[in-house]
Amino acid sequence: MHRIPPRRFIATALALGFALPAHAGKADAPAAADKAERPLIETSYLIAPERIGDFVLEANSYDDKNKYAGAGFRYALKDHQETRFDVFVYPSGRAPQAEAIASGMVDFRGSLEHAQQAGHVRDLQFLSDEDFPLDAPEPAKRAAASDAELDTALREAIASTQTVGKRLRMHNTMVNGGFPMASNGYLFHRQLYFFKVRASAARERIDQAAFDALTDLAARTLVPAIEVANVGGCANANIVIDPDAKPDEMAAVLVRRAAEIQGENCFKDAAGAKLDEKSKGARVVRIDFSPSEWKSE
């Protein structure tokens with residue numbers, strides 16, 4: 001079996017900052033059987049802090065009769081009474097990030113067009129639809145000597161672990177009052193859920209550049225702070241590596257799978273999710289699923 005050079009493995013681990021799962025290699029039969037018996041998600045706990053920096057949670061909503069719509073959390077920001085920031089967190093499932101976002105954006109645009117057809121808004125205009133990294137881009141740094149050892153495939157694997165969503169910039173007109181509005185929406189896929197951020201403001205109260213900067217800040221502040229802790233079969237994860245693969249290929253698989261496993265935020269039980277600790281100073285929405293609602297894979 002090929003071994004990944006220690007220096008390369010360390011560089012990869014440091015670049016991502018995550019711990020590896022307990023099992024790496026070929027899944028054993030008991031683990032595979034347990035995984036097949038449990039649905040992907042049995043219960044999700046949506047944890048929204050009451051305060052995130054200068055953002056304060058004003059309200060939250062959830063209808064257990066419409067659980068697939070998820071929960072909504074409305075935040076206010078000091079000195080910005082012209083707008084509120086709504087974060088909608090709703091089930092998505094296991095899928096590659098790009099694939100999930102593409103599907104989610106079709107539904108997102110469709111809901112906006114439906115709102116216009118229903119008469120809730122008018123003059124809907126899409127200004128731009130662009131990739132939006134959850135982490136703010138950092139200034140380019142000169143590559144260190146150790147970075148030169150990471151080949152293109154491994155660098156691409158590391159880059160693929162970053163959360164990249166979409167930003168949809170819009171204008172519309174309020175039906176009541178006829179106010180021209182600026183409206184931005186963001187969509188991310190993480191922890192087996194979609195995170196959608198919406199904010200609108202009258203264009204006479206804030207210019208477009210300032211509004212974009214404000215909503216960018218809101219998305220990058222609120223989304224990472226709101227957590228979905230999942231309990232179910234998704235906690236039974238393994239990393240399977242082809243023993244005949246080249247060292248660089250092994251490293252790339254290791255990076256991607258470890259990031260995927262960590263990113264699903266799954267636990268075997270509620271105790272493992274440390275809910276007592278995480279719920280302090282936060283509102284928690286619990287969503288229970290029946291075995292038939294999620295497949296084991």
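**View 1. Lys278 and Glu227 form a salt bridge.** The closest N and O atoms of this pair are 2.6 Å apart. A salt bridge here is a side-chain nitrogen of Lys or Arg within 4 Å of a carboxyl oxygen of Asp or Glu. The pair links distant parts of the chain, 51 residues apart: Lys278 belongs to helix H7 (residues 275–278) and Glu227 to strand S10 (residues 227–231). Helices (H or I, at least four residues) and strands (E, at least two) are DSSP runs, numbered from the N terminus. Lys278 counts as partly exposed because its relative accessibility is 26%. Glu227, at 17%, counts as buried. Buried means under 20% relative accessible area, exposed over 50%, and partly exposed in between (1.4 Å probe, protein chains only). The model is predicted: local features need pLDDT of at least 70, side-chain atom pairs count only at pLDDT 80 or more, and totals for chains, interfaces and linings use all residues. Residues are numbered from 1 along each chain as its sequence is written, and side-chain values use heavy atoms, with hydrogens and water left out.

**View 2. Asp216 pairs with Arg167 in a salt bridge.** Their closest N and O atoms lie 2.9 Å apart. Asp216 is in helix H5 and Arg167 in strand S7 (residues 164–174), so named parts of the chain 49 residues apart are linked. Both Asp216 and Arg167 are buried. Glu130 joins Arg167 and Asp216 in a network of salt bridges. Across the whole structure, a search finds 14 salt bridges. Side chains of opposite charge can pair when their charged atoms come close.

**View 3. Glu42 meets Arg38 through their side chains.** The N to O distance in this salt bridge is 2.7 Å. Glu42 counts as partly exposed, at 26% relative accessibility. Arg38 counts as buried, at 15%.

**View 4. Eight strands form an open sheet.** The order is S2-S3-S4-S5-S9-S8-S7-S6, with antiparallel pairing. Two strands pair if DSSP finds at least two bridges between them. Strand S2 (51–52) and strand S6 (121–133) stand at the edges; each has a single partner strand, so one side of each lacks a neighbour in the sheet. Helix H3 (residues 97–117) lies across S6, S7, S8 and S9 and runs at about 165° to S6. H5 lies across S2, S3, S4, S5, S6, S7, S8 and S9, at about 30° to S8. Axes are lines fitted to C-alpha atoms, for helices over the stretch in contact; angles run from 0 to 180 degrees between N-to-C directions.

**View 5. Strand S4 (residues 71–77) is largely enclosed by the rest of the structure.** Six of its seven residues are buried. Seven bridges join S4 to strand S3 (residues 55–62), and the two run antiparallel. Tyr75 is the bridge partner of Leu57, and Arg74 that of Ala59. Five bridges join S4 to strand S5 (residues 85–91), also antiparallel. Phe73 stands opposite Val87 in S5.

**View 6. The largest nonpolar core has 40 residues.** Such a core is a set of buried Ala, Val, Leu, Ile, Met, Phe, Trp, Tyr and Cys residues joined through side-chain atoms within 4.5 Å. Leu46, Phe73, Tyr75, Val89 and Tyr193 have the most contacts inside it. Among the elements giving two or more residues are strand S1 (43–49), strand S8 (180–190) and strand S12 (282–288). H5 gives the most, with six residues. Leu46 touches residues including Phe73, Val89, Tyr193 and Glu227 (contact means heavy atoms within 4.5 Å). A second, separate core of eleven residues includes Ile101, Met105, Leu168 and Phe194.

**View 7. Ile206 sits in the loop between strand S9 (193–202) and helix H5 (208–225).** Ile206 is buried, with a relative accessible area of 11%. Leaving aside residues up to four places away in sequence, Ile206 touches Glu82, Ala201, Phe211 and Leu214. The C-alpha atoms of Ile206 and His80 are separated by 9.8 Å, although these residues are 126 apart along the chain.

View 8. Buried residues of H6 include Met250, Leu254, Val255 and Ile261. Just after H6, Asn265 takes a positive phi of about 55°.
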